[in-house]
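These notes record what I looked up in a predicted model. I began with the pockets and then turned to one helix pair.

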Amino acid sequence: MILILIVVVFGILGYAVSSKLKNKFKEYSQIALRANLSGKEIAELMLADHNIHNVAVNCVDGQLTDHYNPMDRSVNLSPDVYYGRNAAATAVAAHECGHAVQHATSYSWLQLRSTLVPIQNVSGKILNIVLIGALFGGIALFGLPYEAVGAIVVGSYGVLTLFSLVTLPVEFDASRRALAWVKTRNIVTPQEYGMSKDALKWAAMTYVVAAMASLATLAYYAFIFFGNRD
């Protein structure tokens, strides 16, 4: 019941934050940017200002699907951001370029997150196998003792939680870089700056909620498997 409560509470909280982000993006997308630059142009200008010339700016399908891909060094913007000429599009485009700047300057938290990606993927697969196996075969999965199953579950979920926590400084720093650049470059007016900052704040909150949910779930599993031990 506690696990269900955690899922429900953070599910509702995550939905509320996501809805707020979408509403903010929609609201700020209605106000034309004084500089009349598209998200694509914003991204290309910020990359050039940081002497980054090996990162492509692409348009990808979807809504709020914007991301930076360190594997092929590309800033990928959703159509609303790529073509948008407003404070919301400016904020998102600059934020994703913030990740490109982190990559180019070997930002330590981004490097750590990149290192954790393959470990996280393996941990996620192991966790799924163990939980599904335990569900159908009981806790003595594949003949493993209770303590061993607990160690696998807690260890695997610990890696997922660590990844969520490491993501926070990466995202906050990318927003900081983005806001500093649009302000220094006079891309936005004071009013537009406030909109951009607000939009990025709600985007960051989605990662905060995810990290909180991961921490709560990790604590639950740790208590279930080891909380009652003498």
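I first listed the residues around the second largest pocket: Tyr 68, Pro 70, Met 71, His 99, Leu 110, Arg 113, Ser 114, Val 117 and Phe 163 line this space. I noted a volume of about 250 Å³ for the second largest pocket. Helix α5, residues 108-137, contributes the most to this lining, with 4 residues. Sorted by class, I have 6 nonpolar, 2 polar and 1 charged residues in the lining of the second largest pocket.

Next I looked up the largest pocket, which holds about 410 Å³ of space. Its lining has 20 residues, and those closest to the centre are Asp 66, His 95, Glu 96, Ala 203 and Tyr 207. The elements giving two or more residues to this lining are α1 (2-29), β2 (67-69), α4, α6 (146-184) and α7. I recorded α7 as the source of the largest share, 6 residues. By class, the lining of the largest pocket comprises 10 nonpolar, 6 polar and 4 charged residues.

I then examined how α4 and α7 pack. Helix α4 spans residues 87-104 and helix α7 residues 190-226; their axes lie 8 Å apart at an angle of about 60°. On the α4 side, I found Ala 87, Ala 91, Val 92 and His 95 in the contact, and on the α7 side Glu 192, Met 195, Ser 196 and Leu 200. My class tally for the contact of α4 with α7 is 5 nonpolar, 2 polar and 1 charged residues.

How values were computed:
Residues numbered from 1 in each chain as written. Predicted model: local features only at pLDDT ≥ 70, side-chain atom pairs only at ≥ 80, totals over all residues. Heavy atoms only, no water. Axes fitted to C-alpha atoms, helices over the stretch in contact; angles between N-to-C directions. Contact = heavy atoms within 4.5 Å. Nonpolar A, V, L, I, M, F, W, Y, C, P; charged D, E, K, R; others polar. 1 Å grid on protein atoms, 1.4 Å probe; cavity = no way out; pocket = protein on both sides within 12 Å on 5 of 7 lines; lining within 4 Å. Points joined across faces, edges and corners; volume = space filled by probe spheres on them.
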